[in-house]
Amino acid sequence: MTSVIVTRGLVKQYGRVRAVDGIDLDVRAGDVYGFLGANGSGKTTTVRMLLGLVLPTRGEVELLGERMPRAGRRVLPRVGALVEGPAHHRHLSGAANLALLDAAGPGGSRRTRRRRIAEVLDQVGLGGVGRRKVGAYSLGMRQRLGLAGALLRRPELLVLDEPTNGLDPQGIAEVRALLLDLHRGGTTVFLSSHLLAEVEQLCSRVGVLDRGRLVLQDEMASLTAPTGATVVETPAPERVRAVLDGRVLGAEGGRVVVRGTDPAEVNALLVGAGVPVRGLALQRPTLEEVVLAAAGTSADRVERA
Ligand SMILES: Nc1ncnc2c1ncn2[C@@H]1O[C@H](COP(=O)(O)OP(=O)(O)OP(=O)(O)O)[C@@H](O)[C@H]1O
């Protein structure tokens with residue numbers, strides 16, 4: 001699998017504050033990578049270093065196989081970026097802002113500009129208001145305009161810092177659908193977030209940042225892989241214990257956790273003994289449990305919703 005973002009021992013020191021403390025990121029082609037961390041854990045600083053907007057104190061960044069910031073002119077036209085609080089000209093329309101942005105950077109062909117602008121405005125749901133002045137946009141609309149700017153060059157990699165900040169639940173759902181759509185079309189997505197649920201719903205790979213350190217990095221499917229136990233839902237937990245003596249790992253209310261990875265086998269034993277069973281499922285840890293285990297109590301500052 002090709003790596004599209006690699007960092008080695010990346011450090012950023014601001015005076016006494018070590019904002020980023022030796023992280024080794026590995027983002028692969030085709031990932032939707034969730035970079036999860038509480039506010040102040042160093043996400044924005046990392047994203048800025050990836051894009052060459054801030055120089056690392058130590059360590060290396062490779063973007064699409066090339067060293068940053070050295071290869072920025074070659075690499076950045078292939079990368080769409082949205083970094084905290086995108087700046088816009090308030091007295092110009094959304095479309096005019098995108099035209100300026102496209103003209104300012106390398107690689108945006110003038111011939112296709114109008115068409116690309118109309119396309120990305122539609123993609124982010126601003127098709128109807130592209131001619132309105134940005135000063136009249138809500139925070140959510142400005143965030144979408146930032147996202148439209150990131151999409152202008154049809155990038156193969158998107159680097160997004162908190163892309164759903166300022167959006168209402170419907171806007172969040174729309175951005176999520178858009179990102180999944182782009183991903184299906186072949187775009188690799190790297191997004192930072194302080195929201196567990198957002199990362200859980202969207203991402204195939206997760207990195208967890210805790211006070212500047214990368215405490216976890218793995219595929220979502222491995223992190224939430226079955227634990228080797230089966231959860232039985234039953235109105236008669238005591239009878240489950242009686243039948244499966246020795247295999248019961250724990251019980252809480254009507255949920256009994258039983259050793260074994262074959263729910264059908266557990267079901268047959270219980271039903272055979274006349275124990276009522278309402279539900280059976282392989283036990284999997286939630287992302288929240290995994291993050292708490294990796295980051296300890298400081299993960300309490302990662303928000304659930
Ligand atoms: N330019 C700077 N000068 C001094 N300290 C900074 C600077 N930028 C960031 N920091 C500090 O580095 C740490 C990490 O900040 P950063 O903005 O990267 O975190 P974050 O995870 O993106 O948080 P948030 O989601 O709140 O933006 C914080 O302690 C912050 O105060």
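**Exercise 1. Which residues surround the ligand?**

*Solution.* This is a predicted model, in which local features need pLDDT of at least 70, side-chain atom pairs count only at pLDDT 80 or more, and totals for chains, interfaces and linings use all residues. Residues are numbered from 1 along each chain as its sequence is written.

Step 1. A residue is near a molecule if its C-beta atom, placed from the backbone, lies within 6 Å of it. The ligand is surrounded by Tyr14, Val17, Ala19, Gly37, Asn39, Gly40, Ser41, Gly42, Lys43, Thr44, Thr45 and His194.

Step 2. Helices (H or I, at least four residues) and strands (E, at least two) are DSSP runs, numbered from the N terminus. Strand S2 (17-23) and helix H1 (43-50) each supply at least two residues of the shell; H1 gives the most, with three residues.

Step 3. Sorted by class, the shell has three nonpolar, eight polar and one charged residues. Here Ala, Val, Leu, Ile, Met, Phe, Trp, Tyr, Cys and Pro count as nonpolar, Asp, Glu, Lys and Arg as charged, and the others, Gly among them, as polar.

**Exercise 2. Determine which residues touch the most other members of the largest nonpolar core.**

*Solution.* Step 1. A nonpolar core is a set of buried Ala, Val, Leu, Ile, Met, Phe, Trp, Tyr and Cys residues joined through C-beta atoms within 7 Å. A residue is buried if 20 or more other C-beta atoms lie within 10 Å of its own, exposed if 12 or fewer, and partly exposed in between.

Step 2. Among the 66 residues of the largest core, Leu50, Ala148, Val159 and Phe190 touch the most other members. Helix H5 (residues 139-151) provides the largest share of this core, six residues.

Step 3. Leucine 50 touches Ile5, Val61, Leu63, Met68 and Val159, leaving aside residues up to four places away in sequence; contact requires C-beta atoms, placed from the backbone, within 7 Å.

**Exercise 3. State the order of the strands in the open sheet and identify its edges.**

*Solution.* Step 1. Two strands pair if DSSP finds at least two bridges between them. Six strands form the open sheet in the order S7-S8-S9-S4-S10-S11, with mixed pairing.

Step 2. Strand S7 (79-82) and strand S11 (213-219) each have a single partner strand, so one side of each is left without a neighbour in the sheet.

Step 3. Strand S10 (residues 205-210) pairs with S11 in the antiparallel sense over six bridges, and valine 208 stands opposite leucine 216 in S11.

Conventions. Contact = placed C-beta atoms within 7 Å.
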